[in-house]
Amino acid sequence: MMNSTNSPVRDRLSYLNEQLARINQEWHRQNYTSLLQFHVDALPTLMNAQRCGIFLLDPDAKRVFSKAGTGIREGEIEVPMDHSIAGRCIRTGASIIVNDTRNHPDFHAETDDHTGFRTRNLLCSPIVSSTDRGVCGAVEVLNKHQGDFDEADQAKMERIAEVLSIVLDNVLLNEQIVAVTNRLSSEVDKVWSGYLSDFTLVAESPAMRNLMEMIKAVSATPVDIHLRGEHGVGKEVIARMIHAASDRHEQPFVAVNCAAIPPHLFESEFFGYEAGAFNGTTGARPGHLESTRGGLLFLDEVGSLNPASQELLLRGLEAMKGYRLGGKALTQYDFRLISASHDNLRGLVDEGRFREDLYYRLFAVEIEVPPLRRRREDIPPLAHSLVAEFRWGWIT
């Protein structure tokens, strides 16, 4: 189990998760993509043209692709750096006017073939990054409604491109920040997995991966939990994992098998006793409710308790204080509770075998731990793990 020296690691992971979520939320709120689309919608009217397209340069792949445009999606159109108007505009950093596309050597006719739109003439201007990254893209308007594109159109287009450079830089920065925070979130998740990896729990199947996500979520909250699952599915292991990742991890983990406690000993086991409380006592002893002392109390097979024991447990949980047998001092309790059972407690309540008020007091969240037969993907890695463990034990 993780020791107390890992507290800074656990706290830092929780802090990083919170900050990454906040950054992601903040940058998604800044919807620069919508602002870019606004310019795409407005440009044809401003330039007295039919369509508009904005292209970006991917310097690593040396390709030019559509970022936004009239009737096209992001990345739908890709044109070569050579033999395309947008590519040449980006390459030279100069505006280009083509008033007859039919025989122009750099006109990329495949784009018209893809969209079904017929381009007669066009004006393309470079978008120069406002952050000193050079030419990062190009903006085109297609098919002027009357006449040809001229130098006045070019001057207006270049002023518009200056504004677009600011919008586009923010779009790209937004995407980079979101991508970085997503990668960091993924790395944090991996560290969380490593943080919990000291516990023997194979989690390759979708069911167990979902369970691990839930464990991570409930570990950071103070709610009481009930683990439901068959014998041998690892309910105590999961309880220890939750405790190790919680803010109570430095305090005791007390595990109690309720099925192993005879009913006549329940009160002394759970509430403790003072010296001389009954025959055979030679000294005082704290009960489980007291000895947990700020830690986690794990009650396994809680469904096996008889009615009298259920009543005593409910009294202790509701008051969070009680007396030792033979004692007069009232003891305050402080613990987080995780209960477990192979039984369906709701079914036991319906049958009248389990108190309904205790049922609702035991937990706020119920987690079902699936048996191995329902997660067959875990069988091969579990077998490998067991073989490796036995082999290592045989060698040593």
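User: Hello! Which residues of α10 are buried?

Analyst: Welcome! This is a predicted model, where local features need pLDDT of at least 70, side-chain atom pairs count only at pLDDT 80 or more, and totals for chains, interfaces and linings use all residues. Residues are numbered from 1 along each chain as its sequence is written, and side-chain values use heavy atoms, with hydrogens and water left out. With buried meaning under 20% relative accessible area (exposed is over 50%, partly exposed in between; 1.4 Å probe, protein chains only), the buried residues of α10 are S309, Q310, L312, L313, L314, G316 and L317.

User: How many helices and strands does the chain have?

Analyst: Both come from DSSP runs numbered from the N terminus: helices are H or I runs of at least four residues, and strands are E runs of at least two. On that basis, the chain has 13 helices and 15 strands.

User: What covers the buried residues of α10?

Analyst: Here we look for contact, which means heavy atoms within 4.5 Å. Among the elements that cover these residues are α8, α9 (288-291), β11, β12 (321-323), β14 (336-341) and α12.

User: Why does the span of α10 agree with what a helix should give?

Analyst: The expected span of a helix is 1.5 Å times one less than its number of residues. For the 13 residues of α10 the rule gives 18 Å, which agrees because the end C-alpha atoms are separated by 18 Å.

User: Which residues have the most contacts inside the largest nonpolar core?

Analyst: A nonpolar core is a set of buried Ala, Val, Leu, Ile, Met, Phe, Trp, Tyr and Cys residues joined through side-chain atoms within 4.5 Å. In soluble globular proteins, nonpolar side chains tend to be buried together. The largest core here has 28 residues, and those with the most contacts inside it are F270, L313 and L362.

User: Which residues is L362 in contact with, leaving aside neighbours within four places in sequence?

Analyst: L362 is one of the residues with the most contacts inside the largest core. Beyond those sequence neighbours, L362 touches D224, V302, L317, L337, S339, L345 and F354.

User: Which residue is the bridge partner of F298 in β14?

Analyst: β11 and β14 run parallel and are joined by four bridges. Within β14, F298 has as its bridge partner I338.

User: How many residues of strand β6 are buried?

Analyst: β6 pairs in the antiparallel sense with β1 (residues 49-58) over seven bridges, and A49 stands opposite K144 in β6. Seven bridges also join β6 to β5 (residues 122-128), again antiparallel. β6 (residues 135-144) is mostly covered, and of its 10 residues the number buried is nine.

User: Is G352 buried or exposed?

Analyst: G352 is found in the loop between α11 and α12. Its C-alpha atom is separated by 9.9 Å from that of P307, although the two are 45 residues apart along the chain. With a relative accessible area of 64%, G352 is exposed.

Conventions
Pairing = 2+ DSSP bridges.
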